Amino acid sequence: MLYESRLAPLAKMIVAAAACALCLSEGGVLAEEGTLDELRNAARVDESPDPSPPRPSNDDDCRSDCDDDCENPFNELIGTGCLFLVTSPFWGPVVAMSDDGGQNDVFVPHPYFDGRIGGEIASDVDRPVRSKSWGGRFLADYADDFQGVQGVGGRLLLQNAYRFGLDSEFVYRAESLGASRSDEFWNGDANATFRFAQCDWGQMRTGLGMNWLADPGGTDLGVNFTYGGDFYPVRPFVLSADLDLGTLGEAWLVHLRATGGVAWRGMEVFAGLDHYRLDDVALTGLVSGVRVWF
């Protein structure tokens, strides 16, 4: 009985210490958060603070500020300069490509087709053999941020001679978290586009659509603005760049991609950089793949 009374407190301490260590270990595992989980939480958790109550307005102060601004002779000049810069991504390519807005163009099977210089858009005046009123392309790619996150995706772009098109992208992302643990989800977008500038050596498009993210926990949606283009400087090279700006769930989304490739007949092999960001969480890595025109 004496030994039992002395060993009882010691046994309780050992049991308590083991339970504490187990809790800390489990807590550490649960607390470990990968990049994909951070992206998911950014889209699904609104951590913005409650808006502060509006400050009581003072009509006299507002009127005084307005009077001061109106008396500044440089305000109109500054406003014109800002408008000039903001709209330049749209009128700049039109001027650079000498695009008159014509809609009588046709598509050839692929860039640099039949010895011609440039992309898949051709003039209807010099209609080449095997031309058509629409064009399509599909790419498959692989991306890696070299920190445990990989992505495999595809993108489909369809366009017609009237400059309208459909642009859709999907990506499967997977991350290894160690100890036989992993995370994964699907994300992508779908947009209606308009080709606002084009010439023999390039084309630019923009559009609106939606972003999405899906996993077993649910699906999140958002709005998307897309802007991008393809350029054909000299056979057999192809340069492409795309920018997506929008929302996904509760987060702001930025997706930027720039690639360079080599085309042979109806196929291009490319590589470049891909940057995907939701609020302050970002995935940046290398991307490579194959694009096919049809």
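Trainee: Which residue forms a salt bridge with D220?

Mentor: This is a predicted model, where local features need pLDDT of at least 70, side-chain atom pairs count only at pLDDT 80 or more, and totals for chains, interfaces and linings use all residues. Residues are numbered from 1 along each chain as its sequence is written, and side-chain values use heavy atoms, with hydrogens and water left out. A salt bridge here is a side-chain nitrogen of Lys or Arg within 4 Å of a carboxyl oxygen of Asp or Glu. With the closest N and O atoms 2.4 Å apart, the partner of D220 is R44.

Trainee: How many residues apart are D220 and R44?

Mentor: Elements here are DSSP runs numbered from the N terminus: helices are H or I with at least four residues, strands E with at least two. D220 sits in strand β8 (residues 218–231) and R44 in helix α2 (residues 35–44), so the pair links distant parts of the chain, the separation being 176 residues.

Trainee: Is R44 buried, exposed or partly exposed?

Mentor: Buried means under 20% relative accessible area, exposed over 50%, and partly exposed in between (1.4 Å probe, protein chains only). D220 has 12%, so D220 is buried. R44 has 28%, so R44 is partly exposed.

Trainee: What is the relative accessible area of E120?

Mentor: E120 forms a salt bridge with R137, closest N and O atoms 2.4 Å apart. R137 lies in strand β3 (residues 134–144), while E120 is in the loop between β1 (106–107) and β2 (121–122). R137 counts as buried at 4%. E120 is buried as well, at 3%.

Trainee: Which strand holds R291?

Mentor: The side chains of R291 and E268 meet in a salt bridge at 2.8 Å, N to O. Both ends are buried, E268 at 0% and R291 at 6%. E268 is in strand β11 (residues 267–278), and 23 residues away R291 is in strand β12 (residues 281–293).

Trainee: How many salt bridges does the structure hold?

Mentor: Some share partners, joining E120, R137, R155, D167, R205, D230, D242, E268 and R291 into one network. The total for the structure is 17.
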